[in-house]
Amino acid sequence: MSDGEPPTGPPGRTEDVFARHGPRLFRIAYGMLGSTTRAEDVVRDVRLRWQATDRAVVADPQAYLTTATTRLSIRAALSARTRRASYIGPWLPEPLDTGNGGATGAEGTKPVAFDVLLMLERLDLAERAAFVLRETLSSPYAEIAAVLGVDEAQARHLVHRARRHLATDLATDRVADRQGREDTAGQKRGGDGAEDYEAA
């Protein structure tokens with residue numbers, strides 16, 4: 001996948017495009033990073049790039065903004081994973097604060113569920129980006145392919161692989177959770193029996 005700028009072309013729309021697509025861009029960044037703060041930083045960087053871009057040569061503003069947001073989010077996620085490599089303890093996503101009237105730029109967005117964010121963290125970053133674009137924004141595979149710099153077949157494969165990994169992780173977590181509940185119930189029953197025996 002290239003880190004270059006998204007392709008440009010014939011005249012596009014004006015500055016109001018960013019405001020219209022802002023919630024979409026935030027959803028991409030938040031789904032990739034699991035942090036409101038870092039997602040806002042990415043969207044802010046994209047806004048600066050957009051303001052510095054000759055919008056008269058942008059063929060498709062949505063494609064341009066989606067590509068820029070996704071690629072910056074991937075870089076930020078990679079950097080965050082590198083920092084966490086030396087961190088002892090579990091990483092938890094930052095819950096989305098929806099009680100501030102959309103001041104974060106999240107207004108009108110449907111946040112990715114906390115447990116889904118935890119599972120997304122286990123995915124390869126290309127898989128995560130493809131999944132976020134497809135599942136949270138219903139992006140067509142052609143758009144996903146263009147954003148990630150792959151062909152459409154590879155984009156489909158990335159989404160399919162992400163879904164498979166998430167389904168496997170979900171099943172594993174459910175088994176572990178059920179086993180944990182059974183172990184807890186068994187300990188309680190064992191404890192009660194011991195108390196009854198001592199009382200007798």
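Predicted model: local features only at pLDDT ≥ 70, side-chain atom pairs only at ≥ 80, totals over all residues.
## Aromatic pairs

Let's start with the rings: the structure holds 2 aromatic pairs. In one of them, Phe-26 and Tyr-30 have ring centres 6.0 Å apart and planes at 5°, so this pair is stacked. Both residues belong to helix H1 (residues 16–33), where they sit 4 residues apart, about one turn of the helix. Phe-26 is buried at 2% relative accessible area, and Tyr-30 is buried too, at 3%.

The rings of Trp-50 and Tyr-64 have centres 5.7 Å apart, and their planes meet at 55°, so this pair is tilted. Here the pair links distant parts of the chain, with Trp-50 in helix H2 (residues 36–52) and Tyr-64 in helix H3 (residues 61–84), 14 residues apart. Trp-50 is buried, with 0% relative accessibility, and Tyr-64 is buried at 5%.

## Helix H2, end to end

How far apart are the end C-alpha atoms of H2? They are 24 Å apart, which agrees with the 24 Å that 17 residues should span at 1.5 Å a residue. At the start of H2, Ser-35 places a side-chain oxygen within 3.4 Å of the backbone nitrogen of Thr-37.

Note on methods. Residues numbered from 1 in each chain as written. Heavy atoms only, no water. Phe/Tyr/Trp six-rings, centres within 6.5 Å; stacked < 30°, edge-to-face > 60°. Helix = DSSP H or I, 4+ residues; strand = E, 2+ residues; numbered from the N terminus. Buried < 20%, exposed > 50% of the residue type's maximum accessible area, 1.4 Å probe, protein only. Expected span 1.5 Å × (residues − 1). Polar contact = N/O pair within 3.5 Å; in protein donor to acceptor, adjacent residues only side chain to side chain.
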